[in-house]
Amino acid sequence: MKSQPDNKKHQQPGSTSKSLHIVPEKQKLLSKDQRAFNRYTKIIKELQKELAEEAAHLEKLLLVYSKKIPGLLKERAGKQIGLAKALANDAGDYRFTKHETANIANVIIDLCNEAFSELEPDEDTITFFNQWSPITFQELLAEKDKILRETLAGYVKATTGFAMAPEDFDQSPEGKARLEEKLRSFQQQFDEDQSGAPPLTKKGKKEAEKAKKKKTEEVLKLKSIRSVYLLLAKTLHPDMVTDAAEKRHNEELMKRVTAAYDSNDLATLLQLEMEWVASETNNLQKLPAARLKAYTEALKAQALELENDLAALQDNPRFDAIRGFAGFSASKAVSMIHAFEKDLKTQTRAFNEIIRMFAKGCSRREILDFARHYINETMADDFAHDEVK
C-alpha cells in the first residue's frame with residue numbers, strides 16, 4: 001500500500017519547495033538539464049525572498065510616511081494659498097512696473113500651483129488664481145491631463161508595442177470600457193499576427209518551419225496539460241485519503257489544480273506535480289529527460305512571472321509618494337522621512353510668519369524684496385530640479 005505523504009512536506013501551491021533540488025547520485029555528475037532545473041529553483045527562491053522583502057520594505061515606509069506627511073503637506077498647502085492671497089492683498093495698495101507685476105504674479109501662481117497638488121481649491125481660490133494666471137485653473141487641469149495621457153500612451157507603447165492615442169485614456173466609465181475593448185482588440189490582432197503564415201521571403205521556409213514547430217508544441221502542451229491534470233486529479237482526489245487534515249489539504253490543492261487546468265496554465269500544473277513528485281518519492285534525479293525539461297520550463301516561466309511581479313510592485317502607484325525613499329535601506333529611508341517631516345513643519349512655520357508680516361501691512365520695497373527672494377531661492381531651485389530630471 002502506498003504510504004501517504006508527510007504533511008510537513010506540503011508547500012503552498014505556487015511556491016517552490018525546498019525539496020525541489022536534484023541531488024547527484026554517488027559518483028555521478030548532474031546533467032545539463034538537471035543543473036538548469038537546480039539553477040531555476042535557486043533563482044525562484046531568491047526572487048521570492050526579494051519580492052517578500054521589497055513588499056515589506058515598501059509597506060513599512062508607506063506606513064511611516066502616511067502617519068504624518070500627508071497631513072503636513074495639506075497644512076503647508078493651506079499656508080501657501082494663504083500667503084499668495086496675503087501677497088496679492090498688499091500688492092493691491094501700490095503701483096508696480098510691468099516687470100515687477102510679472103514677478104509678483106509668478107510668485108502667486110507658483111504658490112497656488114504647489115498647493116493645488118495637495119489641496120482641491122474652492123471656488124474662491126479658483127477665481128483668485130484665474131485673476132493672476134495667464135491660463136485658467138480649468139486650462140491648467142486640461143494641460144496636466146494631456147501630459148498624463150501622453151505619458152500613459154508612451155508607457156503602453158514602450159511596454160506592449162501597442163500604439164495608443166492620448167485621447168484613448170479617458171477616465172470616465174465609458175472611456176475605460178472603450179480602452180479595455182481597444183486593448184483586447186490589439187491583443188487579438190497580435191495573437192493572430194503571431195499565429196499567421198509568415199511572409200514569403202527568402203527566409204520564408206525557415207520561418208514556416210518555426211511556425212509549424214510552434215503549433216506542434218502548442219498541441220503537445222495541451223496534451224501535457226490534460227495528462228498532468230488527470231494524474232494530479234487521480235492522485236490528489238480527497239476521496240483517496242481518510243485523514244481529515246489530509247483530506248482538507250487535498251481539497252484545497254484540487255481547487256488550484258482545477259483552476260490551472262481550466263485556464264490552460266501548464267506552468268502551475270507542472271509546479272504542483274513536481275512538488276508532489278518530490279514529496280512522494282524524493283527521486284527528482286530519476287525523472288525522464290522530457291519530463292525534467294518540462295519542469296524546467298515551468299520553473300523558468302515562474303521565474304519570469306516573479307520578475308514581472310517585482311517590477312510591478314516597484315512601479316505600483318500605491319507607492320508613488322515614497323518613491324524617493326524606497327531605494328535606501330529601511331533605517332536610512334525612515335530617517336529621511338522624519339527629516340522631511342521636520343522640514344515641512346519648518347516651511348509651514350515660515351509661511352505662517354510671512355503671512356503675519358503681510359497682514360500687518362508691508363511696504364512696496366518689502367513686497368518686491370520678498371518676490372525677488374522667492375524667485376531666486378524657491379523657483380530657481382524648482383527649475384534646477386526640473387533640469388536634473
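Reply: A crossing of two helices is called left-handed if the near helix is turned anticlockwise from the far one by less than a right angle, and right-handed if clockwise. With that in hand, we can look at this structure, which is a predicted model.

Me: Which hand does the crossing of helix 1 and helix 11 have?

Reply: The crossing of helix 1 and helix 11 is left-handed. Among the residues of this contact, 19 are nonpolar, seven are polar and eight are charged.

Me: At what angle do the axes of helix 1 and helix 11 cross, and how should I describe it?

Reply: The axes of helix 1 (residues 32–91) and helix 11 (residues 330–359) come within 9 Å and cross at roughly 15 degrees. Angles under 35 degrees count as roughly parallel, and helix 1 and helix 11 are therefore roughly parallel to each other.

Me: How many aromatic pairs are there?

Reply: Two rings pair if their centres lie within 6.5 Å, and by this rule the count comes to seven aromatic pairs. One of them joins Phe-325 and Phe-340, a tilted pair with 6.3 Å from centre to centre and 45 degrees between the planes. This pair links distant parts of the chain, since Phe-325 is in helix 10 (residues 323–326) and Phe-340 in helix 11, 15 residues apart. Tyr-65 forms one aromatic cluster with Phe-325 and Phe-340.

Me: Is Phe-325 buried or exposed?

Reply: Buried means under 20% relative accessible area, so Phe-325, at 12% relative accessibility, counts as buried. Phe-340, by contrast, is partly exposed, with a relative accessible area of 24%.

Note on methods:
Residues are numbered from 1 along each chain as its sequence is written. This is a predicted model: local features need pLDDT of at least 70, side-chain atom pairs count only at pLDDT 80 or more; totals for chains, interfaces and linings use all residues. Side-chain values use heavy atoms; hydrogens and water are left out. Axes are lines fitted to C-alpha atoms, for helices over the stretch in contact, and angles run from 0 to 180 degrees between N-to-C directions. Helices (H or I, at least four residues) and strands (E, at least two) are DSSP runs, numbered from the N terminus. Angles under 35 degrees count as roughly parallel, over 145 as roughly antiparallel, 65 to 115 as roughly perpendicular and the rest as oblique. Ala, Val, Leu, Ile, Met, Phe, Trp, Tyr, Cys and Pro count as nonpolar, Asp, Glu, Lys and Arg as charged, and the others, Gly among them, as polar. Rings of Phe, Tyr and Trp (its six-membered ring) pair if their centres lie within 6.5 Å; planes under 30 degrees apart count as stacked, over 60 as edge-to-face and the rest as tilted. Buried means under 20% relative accessible area, exposed over 50%, partly exposed in between (1.4 Å probe, protein chains only).
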